[in-house]
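Please read them beside the coordinates.

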Amino acid sequence: MPLDATILYEPADADGLVVAALSGELDLDRADAVRDQLAAIAADPAVRYLRIDVAGLDFIDSYGLGALVSARNSAAASGVTFTLAEPSPPVRKAIEVTGLGHVFGL
């Protein structure tokens, strides 16, 4: 049975940084919800930097990658710097295969 991707984060710190951690699986079933939640976090006027820790993602598919790209674009439109951090082996492989490393600051 698949594990839903879960997002855990704290409000922005004094510098406007939010660190959000994703865990579980980011696939077709969860991509839209994750995209929307990350875009909502980035839309907060207190947020200047959004760092997504993806060490806990066990699986990501093309829909999950698309959701992260879309969330990154929404963040950029709000003037928020969006980066991925600590990619798990499946995430790193997916990013390398697709050539998206530069998009996520990796």
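1. What order do the four strands of the open sheet have? The order is β1-β2-β3-β4, with mixed pairing; strands are DSSP runs (E, at least two residues) and helices likewise (H or I, at least four), numbered from the N terminus. Two strands pair if DSSP finds at least two bridges between them. The edge strands, β1 (6-9) and β4 (81-85), each pair on one side only. On average, neighbouring strands are turned by 25° against each other, direction ignored.

2. The model is predicted: local features need pLDDT of at least 70, side-chain atom pairs count only at pLDDT 80 or more, and totals for chains, interfaces and linings use all residues. Residues are numbered from 1 along each chain as its sequence is written, and side-chain values use heavy atoms, with hydrogens and water left out.

3. Strand pairing. β1 and β2 are antiparallel and share four bridges, with T6 opposite S23 in β2. β2 and β3 run parallel and are joined by nine bridges; here V19 stands opposite R51 in β3. β3 (residues 49-60) and β4 also run parallel, joined by five bridges, and D53 has A85 of β4 as its bridge partner.

4. Helices on the sheet. Helix α3 (residues 89-98) packs on the sheet and touches β3 and β4 (contact: heavy atoms within 4.5 Å). The direction of α3 makes about 105° with that of β3; axes are lines fitted to C-alpha atoms, for helices over the stretch in contact, and angles run from 0 to 180 degrees between N-to-C directions. α1 lies across β1, β2 (17-26), β3 and β4, and runs at about 175° to β2.

5. Helix pair. The axes of α1 (residues 28-43) and α2 (residues 62-77) come within 8 Å and cross at roughly 15°. The two helices are therefore roughly parallel to each other (angles under 35 degrees). The contact is made by L28, A31, R35, L38, A39 and A42 of α1 and by Y63, G64, A67, L68, S70, A71, S74 and A75 of α2. By class, this contact has 10 nonpolar, three polar and one charged residues; Ala, Val, Leu, Ile, Met, Phe, Trp, Tyr, Cys and Pro count as nonpolar, Asp, Glu, Lys and Arg as charged, and the others, Gly among them, as polar.

6. Salt bridges. The count comes to two (side-chain nitrogen of Lys or Arg within 4 Å of a carboxyl oxygen of Asp or Glu). R35 forms one with D32, the closest N and O atoms being 3.0 Å apart. R35 and D32 both lie in helix α1, three residues apart, about one turn of the helix.

Notes
Parallel < 35°, antiparallel > 145°, perpendicular 65-115°, else oblique.
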